[in-house]
Amino acid sequence: RWDTQFPTVEVVEQYSDYCCIYWEAKMPVGVTNRDLLQFMWIKKDESTNATYVVFKNAVHPKVPEKKGLIRAETLFSGLVIRPEPEDPIHSSRLSILTQTDAKGHVPKFVINLALAKSPDHWRQLLVSFYHNVY
């Protein structure tokens with residue numbers, strides 16, 4: 001696993017061109033852990049060599065809400081991974097859009113603090129994972 005904030009990540013069901021994914025998210029001390037259930041689509045644009053990943057909230061009979069977790073709602077989230085124009089063989093650009101309702105009672109400063117750090121934190125984890133694997 002490259003991101004320890006999500007100790008549980010499971011594919012609930014695979015469809016022809018998308019899947020349903022279940023995540024559990026560790027929250028800071030004093031905040032109830034969350035889980036998410038999402039539909040995920042992945043599309044590769046061969047003409048630009050870009051990859052698009054789109055997440056949308058899901059409901060699935062195999063994954064009811066769990067006691068002790070708060071089910072967050074993904075309004076819309078996605079990633080765009082594309083080659084870096086100056087070095088397309090060795091570098092990529094990553095754009096992240098996350099619009100999630102954490103539900104429950106989380107102070108705004110906690111959400112803002114976590115969200116402000118998340119993109120750079122994810123980048124650091126991905127770089128570290130890449131260097132450890134390759």
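Predicted model: local features only at pLDDT ≥ 70, side-chain atom pairs only at ≥ 80, totals over all residues.
Leu97 belongs to strand β7, which covers residues 92-101, and Leu97 counts as partly exposed because its relative accessibility of 46% falls between the 20% limit for buried residues and the 50% limit for exposed ones.

## His60 in the β4-β5 loop

His60 is found in the loop that runs between β4 (50-57) and β5 (70-71). Despite this loop position, His60 is classed as buried, because its relative accessible area is 8%, which is under the 20% cut-off.

Leaving aside residues up to four places away in sequence, His60 touches Val12, Glu13, Tyr15, Cys20 and Leu37. A polar atom of the His60 side chain also lies 3.1 Å from the backbone nitrogen of Lys62.

## Two positive phi values

Most residues other than glycine have a negative phi. Asn49, which is not a glycine, has a positive phi of about 65°, and Asn49 sits in the loop between β3 (34-45) and β4. With a relative accessible area of 40%, Asn49 is partly exposed.

Lys103 likewise has a positive phi, in this case near 60°, and is a residue other than glycine. Lys103 is placed in the loop between β7 and α1 (108-133), and with a relative accessibility of 32% Lys103 counts as partly exposed.

Terms used: Residues numbered from 1 in each chain as written. Heavy atoms only, no water. Helix = DSSP H or I, 4+ residues; strand = E, 2+ residues; numbered from the N terminus. Buried < 20%, exposed > 50% of the residue type's maximum accessible area, 1.4 Å probe, protein only. Polar contact = N/O pair within 3.5 Å; in protein donor to acceptor, adjacent residues only side chain to side chain. Contact = heavy atoms within 4.5 Å.
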